[in-house]
Amino acid sequence: MDVGPLNASSIHYYGRKGKDIIEDARTHIGKLINTNKNNIVFTSSATEAINLLFSNFETIVVSSIEHMAVLSSSRGDHIIPVNHDGIVDLNFLELYLEKLVKHNKNTLVSVMWVNNETGVIQPIEDVVKIAKKYECFVHCDAAQALGKIKVNLSEIELDFLTISGHKIGAPTGIGVLVYNDSVNLKPQILGGGQEKGMRAGTENILGIRGFGEAAKIMTNKLDNDSTQVKYLRDYLINKIKILTPETIIFGENANRVANTILMALPSVPGDLALMKLDLDYFSVSSGSACSSGKISKSHVVSAMGYEKLAYNSVRLSFPPNDIVLNSENLITIQELDRLAQCWSNL
Ligand code: PLP
């Protein structure tokens with residue numbers, strides 16, 4: 001069925017059909033992350049979901065390596081540093097909250113699950129423990145975690161989670177806020193009362209359906225196996241280090257998702273590396289892909305204490321494991337050898 005023109009607010013057959021599609025998608029996403037589907041709100045993006053949530057809190061504590069969607073909408077007045085490996089400093093968080101909550105009730109702590117530049121996995125269970133000790137609410141930006149590692153909300157006491165459809169194969173322009181319904185959230189977008197009044201505007205049925213289907217496929221995959229991608233990633237890193245030992249691999253000693261490498265050469269600016277690699281037919285990003293097009297300083301690299309390399313970082317992303325496995329010639333060892341060679345000639 002062509003779902004494009006359906007308007008779920010209409011009472012006639014096609015309107016009801018549209019509503020069914022939305023509720024099915026909500027069910028599939030709820031199953032994927034093991035949460036009550038009724039606590040899921042569809043938005044136009046993870047960015048919008050984060051903005052909606054943050055507009056409800058005066059005091060928001062975030063880590064220094066958050067995505068700009070979090071950093072920009074949190075006003076940036078309570079920032080927790082990370083260590084050299086890009087992992088949030090839990091001791092600092094604890095001491096900070098101990099002081100802060102004496103004067104600020106209703107504090108939200110927001111730490112991402114997986115960093116989008118380095119791929120470093122954050123100790124989110126520990127963050128939750130500390131935040132709960134000081135009676136704070138906790139939000140996790142799981143845009144980069146979903147589909148790469150297990151995101152099971154029944155195993156972690158998060159109050160809020162945001163995710164983005166296109167990170168798991170849905171079309172762009174669809175996001176989700178999962179919320180704790182004991183908190184009375186006010187909407188940011190007012191209008192026709194869609195999404196139980198939490199986000200007005202005719203629903204993006206195509207995007208919602210795509211997100212639901214992607215979630216269904218992901219749920220049916222038995223695990224988040226990334227063995228082949230990890231093998232290829234490690235092969236490439238090894239090769240690069242042999243040919244160009246001065247290469248810095250950010251977060252190398254930390255637990256990371258397999259599909260991302262963030263690296264830099266001290267003598268080569270990221271934009272130059274990117275352009276040269278592009279001429280050799282390698283599509284890589286400079287720092288965060290969300291700001292591609294404008295080559296800017298990586299606040300993540302800088303927060304990790306590599307200030308001098310903040311304009312030099314280059315991010316490589318591998319496709320998901322099953323795609324790599326099912327398309328034998330998608331990434332070959334020969335191509336990785338050629339990439340390592342091109343990197344050494346920069
Ligand atoms: N958070 C992280 C970690 C991301 O990587 C992104 C986008 O890349 C976002 C949030 C924003 O997602 P969206 O593009 O759906 O607004």
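Biologist: Why is Phe250 called buried?
Modeller: Buried means under 20% relative accessible area, exposed means over 50%, and partly exposed is in between, with a 1.4 Å probe and protein chains only. Phe250 has a relative accessibility of 0%, so it counts as buried.

Biologist: What kind of model is this?
Modeller: This is a predicted model, in which local features need pLDDT of at least 70 and side-chain atom pairs count only at pLDDT 80 or more, while totals for chains, interfaces and linings use all residues. Residues are numbered from 1 along each chain as its sequence is written, and side-chain values use heavy atoms, leaving out hydrogens and water.

Biologist: What makes Phe250 and Tyr306 an aromatic pair, and of which kind?
Modeller: Rings of Phe, Tyr and Trp (its six-membered ring) pair if their centres lie within 6.5 Å; planes under 30 degrees apart are stacked, over 60 edge-to-face, and the rest tilted. For Phe250 and Tyr306 the centres are 4.9 Å apart and the planes make 85°, which puts the pair in the edge-to-face class. The pair links distant parts of the chain, 56 residues apart. Phe250 is in the loop between strand S8 (248-249) and strand S9 (260-264), and Tyr306 is in the loop between helix H9 (299-303) and strand S10 (314-317). Helices (H or I, at least four residues) and strands (E, at least two) are DSSP runs numbered from the N terminus.

Biologist: How do you know whether Tyr306 is buried or exposed?
Modeller: Tyr306 has a relative accessible area of 17%, so it is buried.

Biologist: How many aromatic pairs does this rule give?
Modeller: The count comes to five. There is also one aromatic cluster formed by Phe57, Phe137 and Phe160.

Biologist: How do you know how many disulfides there are?
Modeller: A disulfide is a pair of cysteine sulfur atoms within 2.5 Å, and a search of the whole structure finds zero. Cys136 is in none, as the nearest cysteine sulfur, that of Cys140, is 15 Å away. That distance is too far for a bond.

Biologist: Why are Cys136 and Cys140 placed in their accessibility class?
Modeller: Cys136 has a relative accessible area of 3% and is therefore buried. Cys140 has 0%, so it is buried as well.

Biologist: What is the phi of Glu135?
Modeller: Phi of Glu135 is near 55°, a positive value in a residue other than glycine. Most residues other than glycine have a negative phi. Glu135 lies in the loop between helix H5 (124-133) and strand S5 (137-141). Its relative accessibility is 66%, so Glu135 counts as exposed.

Biologist: What is the phi of Tyr281, and where is Tyr281 found?
Modeller: Tyr281 has a phi near 70°, again positive in a residue other than glycine. Tyr281 is found in the loop between helix H8 (270-279) and H9. At 70% relative accessibility, Tyr281 counts as exposed.

Biologist: What makes strand S2 (residues 59-63) mostly covered?
Modeller: Five of the five residues of S2 are buried. Thr59, Val61 and Ser63 point one way from S2, while Ile60 and Val62 point the other way.

Biologist: How do you know which strands S2 pairs with?
Modeller: Two strands pair if DSSP finds at least two bridges between them. S2 and strand S4 (residues 107-110) have four bridges in the parallel sense, with Ile60 opposite Leu108. S2 and strand S3 (residues 79-80) have two bridges, also parallel; Ser63 stands opposite Ile80, and Val62 has Ile79 as its bridge partner.

Biologist: Why are S1 and S3 called edge strands?
Modeller: Strand S1 (40-43) and S3 each pair on one side only. The open sheet has seven strands in the order S1-S7-S6-S5-S4-S2-S3, with mixed pairing.
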